[in-house]
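Please walk me through this model in the viewer, one selection at a time. Tell me what to pick and what is there.

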Amino acid sequence: MSTITDLLSVDHRRCDEHFAEAETAVGRGDWARAAGELAAFRAALERHLSAEESVLFPALEAREPMAAGPTGVMREEHRHMRALLDELARAVAARDAESYLGASETLLVLMQQHNAKEEHVLYPMSDRVLGAEAVAPLERALADAQAHGDAATG
Amino acid sequence: MLAGLAGLALDRAPPLGVPLRFLLTAPAFGVAAGIALVAAGPGAPVARLAGSVVGATHLFTLGVVTMVMCGALFQLLAVVGGGSVPRQRQVAAVTHALLTGGAAVLAAGLILERQPAVGVGALLALAALMAFAAAAGAGVRTAARGQETVRAMGLALAALAVAAALGATAALARAGWPAPRLPLAGHLHQGWVLAGWVGVLVMGVAWQVVPMFQMTPPYPAWARRWLPRAVMGALAVWSAAAPAALPGAALALLPAGLALGAFAVLTLRLQTQRRRRLPDATLSAWRLAMISLLGALACAAPAFMPGADPRWAYAAGTLYLAGFAASAIVGMLYKIVPFLLWLDLHRRLQPVPGALGRVPHLRQLLPETRARRQLRLQAAAVLLLALSVLWPRLLLLPAGLALAAAWAVMGAVMLGAVRAHRAALGRAVP
């Protein structure tokens, strides 16, 4: 991947795939599949959020102190997403489709408007400020987290 | 500001009251428009330009469609481009008050044939829309560059300014007040409002929200780039050709019609490829919007033929406004209203220990069953309005009442969400 925008936007779509699969499974009442898809979604999303929080945001804030406002908003939305992920996990454990779909609708809108802000504003800005050399550490962070996640679940 | 950070206003999203005041005002105008249509009587489809019908139309175009689109723009600009309208609280307060007053006074003047009210209402609406177009246009310039949604917003705002100027000119002439003499001002006004302001803005919003909420593939890049430009270009050529009475001037609008048709077909096709498979009221509302748009375009083509039956133009306008624009709007409201309330609860309850865990989710704020009920009424209103063109004596009354009912229920659904928001605040901060 040549840019931060490309790398992380593609990763958003990957998270979306798992989100949609999990939701569809809940809609069909296939709880075993829902649990698996939710776990995959959760791992993918957590990997993405962590890479941003541990690599991208600190690099951006170090180069541009004024970025702390926008990255602060992004971190806060990450917190809301994690709380909603917990709700989804509880709903799957309780096999409560209504709670699941309520929380997943909330997460969908939160996540998509969050992604839009990142893909249209924050990532292009990161590309301008940090340049191509920031792509490799982000790729590594995503890969490390994946390897770690695979080891943990495997 | 540092060049790399220009336009970044992710931490300056508008406070709840900025968009919400517009969104919550619209249903009252929707109810009024339905009642005004009933009052206009079964002659409406053949007397599209009678005061009673123009008044009812403006209750809808200004009070519902423009009202919601202005409110939503404050929010969308921040989300899709990190832009913000300068002095957004003041701009929202002033434009909302002027637009509400302008729409009500203008419509009342048209319906009751009080010429001074037509003039005053038109000037109030003109002030509201020019102020909004200027402020939101400045907001667009603060947004991240290179985004087709933001570009479409800029084009739509330009169309709004042209439409408002033409509309005010036509209204002042109708009121017998001194106004610049522009041949066909009222006629051109309709084109700029419908295809320019409404059509281009809905396109720009769709580029963002259809893939986002339904998880569809993105619209093709050529469509995002060229469809809004085709509409604007066609309007510009038509506006030069029509007043000069050039033969076949209406043909200049053909690219706009084709662009809108392509937009509807693309949207319906993308929706079939969505990854999110669950039923969703917003998805259904947007389908209804796109089918209505195709119906409106099919009726618009014969309306431009010389000596056309006036009912074609009436049917096209009705399907476009009550079918296309209104269905896209209600579909957005089902998601935007509860999300704004949810976000506000999170902002306010952040400092209260343990309160965030009890924030109601979107479907508790605005239940899907209520959205579906509203959508059924909306669909019934569109169908009845379309059929009332053929059988006005039988169907105009139920069509107007269905329109009023659909917006009364939309108002109730939104107020229910606001009440749930208040209750959640009350529980957390006794």
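How near do the axes of α2(B) and helix α10 (residues 310-349) of chain B come, and at what angle do they cross? They come within 10 Å and cross at roughly 35°; axes are lines fitted to C-alpha atoms, for helices over the stretch in contact, with angles from 0 to 180 degrees between N-to-C directions. This is a predicted model, in which local features need pLDDT of at least 70 and side-chain atom pairs count only at pLDDT 80 or more, while totals for chains, interfaces and linings use all residues. Residues are numbered from 1 along each chain as its sequence is written, chains are lettered from A and ligands numbered from 1 in the order in which they are written, and side-chain values use heavy atoms, without hydrogens and water.

**Stop 1: α2(B) and α10(B)**

Helices here are DSSP runs (H or I, at least four residues), numbered from the N terminus. α2(B) passes α10(B) in a left-handed crossing, that is, the near helix is turned anticlockwise from the far one by less than a right angle. Select the residues in contact (heavy atoms within 4.5 Å). They include B:Phe60, B:Val68 and B:Ala72 of α2(B) and B:Leu321, B:Ile329 and B:Leu333 of α10(B). By class this contact has 17 nonpolar, 3 polar and no charged residues. Ala, Val, Leu, Ile, Met, Phe, Trp, Tyr, Cys and Pro count as nonpolar, Asp, Glu, Lys and Arg as charged, and the others, Gly among them, as polar.

**Stop 2: α2(B) and α6(B)**

Among the residues in contact are B:His58 and B:Leu73 of α2(B), with B:Trp197 and B:Gln208 of α6(B). The classes are 10 nonpolar, 4 polar and no charged residues.

**Stop 3: chain A against chain B**

Now show both chains. The contact takes 39 residues from chain A and 31 residues from chain B. On the chain A side, A:Glu105, A:His120 and A:Val121 lose the most area to chain B, together 17% of what that side buries. The two chains bury about 3,300 Å² between them, 69% of it on carbon and sulfur atoms; buried area is the accessible area (1.4 Å probe) that two parts lose on being put together, summed over both.

Across the interface there are 5 salt bridges, each a side-chain nitrogen of Lys or Arg within 4 Å of a carboxyl oxygen of Asp or Glu. Select B:Arg276 and A:Glu23, whose side chains meet in a salt bridge (2.7 Å, N to O).

**Stop 4: inside chain A**

Select A:Arg47 and A:Asp11, which form a salt bridge (3.4 Å, N to O). A:Arg47 lies in helix α2 (residues 31-63) of chain A and A:Asp11 in helix α1 of chain A, so the pair ties together parts that are 36 residues apart in sequence.

Conventions:
Helix = DSSP H or I, 4+ residues; strand = E, 2+ residues; numbered from the N terminus.
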